[in-house]
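Reader: Could you walk me through this one, starting with the strands and then moving on to the surface?

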Amino acid sequence: MGENSMGAVVPTVKPDTSPESAAAPPLPTPPQMVVEEEDVIMEDADKDILCPICMQIIKDAFLTACGHSFCYMCIVTHLRNKSNCPCCSSYLTATHMFPNFLLDKFLKKNSATQMANTTSPFENLRQALQQGREVSIKEIDGLLSLLSEKKRKMEQEEAETNMQLMLSFLHCLRKQKLEELNEIQSDLQYVKEDINAIGRRKIELQRENERFSIRTRMLVKDPLATNDWPSLTDKHGSDIISSARSMQVQMGSGNSQSKKANITAQTNFQELQRKDAYSGIDLQSVTPSGMIAARKRQIYSQFSELQECYIQKRRYWNRQSHKWEERVRTTINREGYNLGLEDFQSVLTSFTRYSRLRVLAELRHGDLFQSPSIVSSIEFDRDNELFATAGVSRRIKVFEFSSVVNEPSDVHCPIVEIPTRSKLSCLSWNKCTKNHIASSDYEGIVTVWDVTTRQSVMEYEEHEKRSWSVDFSRAEPSMLVSGSDDCKVKIWSTKQEPSVISINMKANICSVKYNPGSSIYVAVGCADHHIHYYDLRNSSQPLHVFSGNSKTVSYVNFLSNHELASASTDSTLRLWDVKENIPLCTYRGHTNEKNFVGLTANSEYIACGSETNEVFVYHKAISKPMASYKFSSSNLNDNEDDAGSYFVSAVSWKHDSPVMLTASSQGTIKVLVLAA
């Protein structure tokens, strides 16, 4: 029992005290061997401090009578099941175990040393302060020195990072500016080339004018002196010579012919005056210099927009010249202009030709005994001789355009009036049969009317809700399309009552239009903020979907076979290329947030109404309005508070003309014309 109670003794090796060993000097140990021996010793020490049961560092060490150390909880748990030592299987009970204070102290010191080696000085200081241990000034100075060095290193790294970021930004900026410089240099080269081309053309025109002046003077002095003409003419003047000789023959044809010619000239002059009135040109009040000054002001007012248009067109045609080099060589126009310059010249000419809208005529869309009402739709017929109006008055009224313009009257009477069962939302003249017109109404009924007989030709009643839009096909006059609040687009034929095609959509239909060059393509404006472009040969899904509006698309209208204009209640108009499936331009300036304000377009200009009771005209290449006209409040019979709620409700261009029909929510219809 006495031996068992003493505990295990660590075996030691006695030093050799023989004279030989004492006399021999110790051999130096290589440093590498010392390191290896230390590693072996540390590995053995690590094994000795591990609990044989849990194989972790011993916690709360207890020593058994047989000399083995364990974690207290590990050995207690073991003795609940067995009564032997896990290492040597000696008989063991709880009474044969004793706390190993020496090993516990060693383990705590070893743990503190390892923690000091693995944790940061700051963490050691924090733990020391939390545990209440004393910290020397030397340790604090060392820590401060370490923190100062760390701070300097971090600042240096941050400065290097910032410089790297700045260098990267400057390289990117330099690259971008070089690209912009290259673009500016290319654009400047375009300008130089075009200035030279226009200068050459101007010289040619001056020479032609000089040659014409010489020929005219010679003709006045000696009409028979034709022998000298060939020496003063070239191949470009042959037409003028022929005209001069024809004049000479006519001058000697007698007094009767002269009188007849004077009558014809007077008639032609009156016709020219009438055309000038329609086109907004006053020959007596506008001098050439004044007109040039007005057109220059128009340029300066939209200079940035025109500049952008010029650059885009020159760059586009420059890219095309690389693709179709041979073709471009053969398509340079006779003035010697680049195609981009020629394209822009057409834009500049059409844009500066007009700067305002003026009134040609005005009529009230109301009966003598009824108050005026909103005009929902207005449209010219096939030949631009008649125009029809419709709205909430439940009547289609047809007027003769010439009488409205040439015969001023307080109330113009329609030449045809057709009563309907419901309020009307849209009209569409047949592009082939002059006396046929289609209407859509608030009950969803689409009707084709014969204006001559005032009777309906066909009625289509498949729509379940209000029908907002109807349109006859220009390519196939027997076909028409309609759209409704029932989210359906219907294709109809005047040869049968059932619909030919029905397209189910997910949103209300606000506007439908046939492509003017085909009967198989239809554009649909929806309340889902998109324009859906369908090929009717596969109506299960749209061919293109044009996105970009933030609100309902209220109107769609074609400028050409590939250009489509749209209007939205986000107060924008947009132009799309339906062939290339790309947006072309966005127009802003009018106000449209809730009402149908009308949309009309021709080959160059787009016009729409506004909730400010104005009409706006845009050139298709310029995003800002080029002209506008406001319906005067003096025309309104209500008070000024109500005047703010009035708006322009319908617009329609006269085909190939600067004349436009406009209608307001008061029932007033005005014939406007673009003017210089």
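Author: Two strands pair if DSSP finds at least two bridges between them, and strands (E, at least two residues) and helices (H or I, at least four) are DSSP runs, numbered from the N terminus. This is a predicted model, in which local features need pLDDT of at least 70, side-chain atom pairs count only at pLDDT 80 or more, and totals for chains, interfaces and linings use all residues. Residues are numbered from 1 along each chain as its sequence is written, and side-chain values use heavy atoms, leaving out hydrogens and water.

Reader: OK, what is the strand order in the open sheet of four strands?

Author: The order is S5-S6-S7-S8, and the pairing is antiparallel.

Reader: Switching topic, how many disulfides does a search of the whole structure find?

Author: The search finds zero, a disulfide being a pair of cysteine sulfur atoms within 2.5 Å.

Reader: Then is Cys413 buried or exposed?

Author: Cys413 is exposed, at 65% relative accessible area, whereas Cys432 is partly exposed at 43%; buried means under 20%, exposed over 50%, and partly exposed in between (1.4 Å probe, protein chains only).

Reader: Where is Met166?

Author: Met166 lies in helix H7 (residues 137-221), and Met166 is partly exposed, with 47% relative accessible area.
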